[in-house]
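I set out to read this structure chain by chain and then to look at where the chains meet. My entries follow in the order in which I looked things up.

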Amino acid sequence: MLVNNAGIYRPNIPFEEMPLDLWRQHFAINSDGVFLGCKHAIRSMKARGNGGAIVNMGSGLSITANPDGAAYCGLEGRGADDHQDRRARAAGQYGLRVNAVLPGAVPTEMLMGNKLEGESDGDFLAKMQAFSPLDRLATPHDIAAAVLFLADPATKAISGVFMPLDGGNIPGA
Amino acid sequence: MVAAFVARGARVVSADLSVADESATRDGVIARWLDVTSEESWLALIAFVEHELAVLTCW
């Protein structure tokens, strides 16, 4: 089992102000990193012949657009997640599964980096929570539960899916 | 560099994700440094985890 969870996000940078080195850093870590992890995990799992599961951490921003998160949205939407079906197809022939979790707003240090200048933590989190029909933010434990679900051999028929975890913010996505 | 957490055994474990030292081991979890952008780094990690159960990368 491999969980490609590592990633970075530098928010609140307008698209037209995005420095090229920062753009490239996002792609190196969030896209190249996931590619290399999948590549070497698939090679290893294939050699073992016992099956396996890969869960990649995407983002709700994979399927929505934030103009002030251009590098992150760009790679999550086109660099990482859109390759998900190809990874799943490539791995499937060896009995391996590849799925992705797409967290929405989760109260972490990364999310709090999205606060606007002068905005309080409470106001910011309330604003994020208001997007959810369930009136709740996902927690890190919610994300972990979804990862375990997708990695569980009991879900052996599931591969190539994106699972949004955002309190119903993007239903049916 | 990010932390890669390698889980031994089938139990669900908890780990202090702020700890990423190659010698750190707790609850069956081993933390190692990993440059996710480096092919060599991934090869070294995969070789290390050959007989382990799971790998979680964490920024």
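**Chain B and chain A, one at a time**

I began with chain B, where buried residues make up 34% of the 59 residues. I call a residue buried if 20 or more other C-beta atoms lie within 10 Å of its own, exposed if 12 or fewer, and partly exposed in between, with C-beta atoms placed from the backbone. I note that this is a predicted model, in which local features need pLDDT of at least 70 and side-chain atom pairs count only at pLDDT 80 or more, while totals for chains, interfaces and linings use all residues. Residues are numbered from 1 along each chain as its sequence is written, and chains are lettered from A and ligands numbered from 1 in the order in which they are written.

I counted one helix and four strands in chain B; helices (H or I, at least four residues) and strands (E, at least two) are DSSP runs, numbered from the N terminus. Read from the N terminus on, the elements of chain B run β-β-β-α-β. Among contacts in chain B between residues at least 6 apart in sequence, 51% join residues at least 24 apart; contact here requires C-beta atoms, placed from the backbone, within 7 Å.

I then turned to chain A, which has six helices and four strands. Their order from the N terminus on is β-α-β-α-α-β-α-α-α-β. Of the 173 residues in chain A, 39% are buried. For contacts in chain A between residues at least 6 apart in sequence, the share joining residues at least 24 apart is 75%.

**Where the chains meet**

I recorded 16 residues from chain A and 14 residues from chain B in the contact. On the side of chain B that touches chain A, strand 4 of chain B gives the most, with five residues. By class, that side of chain B has 11 nonpolar, two polar and one charged residues. I count Ala, Val, Leu, Ile, Met, Phe, Trp, Tyr, Cys and Pro as nonpolar, Asp, Glu, Lys and Arg as charged, and the others, Gly among them, as polar.

I looked next at strand 4 of chain B, in which four of its five residues are buried. Strand 1 (residues 2-4) of chain A runs parallel to strand 4 of chain B and is joined to it by two bridges; strands pair if DSSP finds at least two bridges between them. A:Leu2 stands opposite B:Val55, and A:Val3 has B:Leu56 as its bridge partner.

I also found helix 1 (residues 20-48) of chain A and helix 1 (residues 39-48) of chain B, whose axes come within 10 Å and cross at roughly 35 degrees. In this contact A:Leu36, A:Gly37, A:His40 and A:Ser44 meet B:Glu39, B:Trp42, B:Leu43 and B:Ile46.

**The largest nonpolar core**

Which residues touch the most other members of the largest nonpolar core? Of its 38 residues, they are A:Val3, A:Ile54, A:Val55, A:Val101 and B:Val55. Such a core is a set of buried Ala, Val, Leu, Ile, Met, Phe, Trp, Tyr and Cys residues joined through C-beta atoms within 7 Å. Helix 1 of chain A gives the most to this core, with six residues.

Note on methods: Axes are lines fitted to C-alpha atoms, for helices over the stretch in contact, and angles run from 0 to 180 degrees between N-to-C directions. Two residues are in contact if their C-beta atoms, placed from the backbone, lie within 7 Å.
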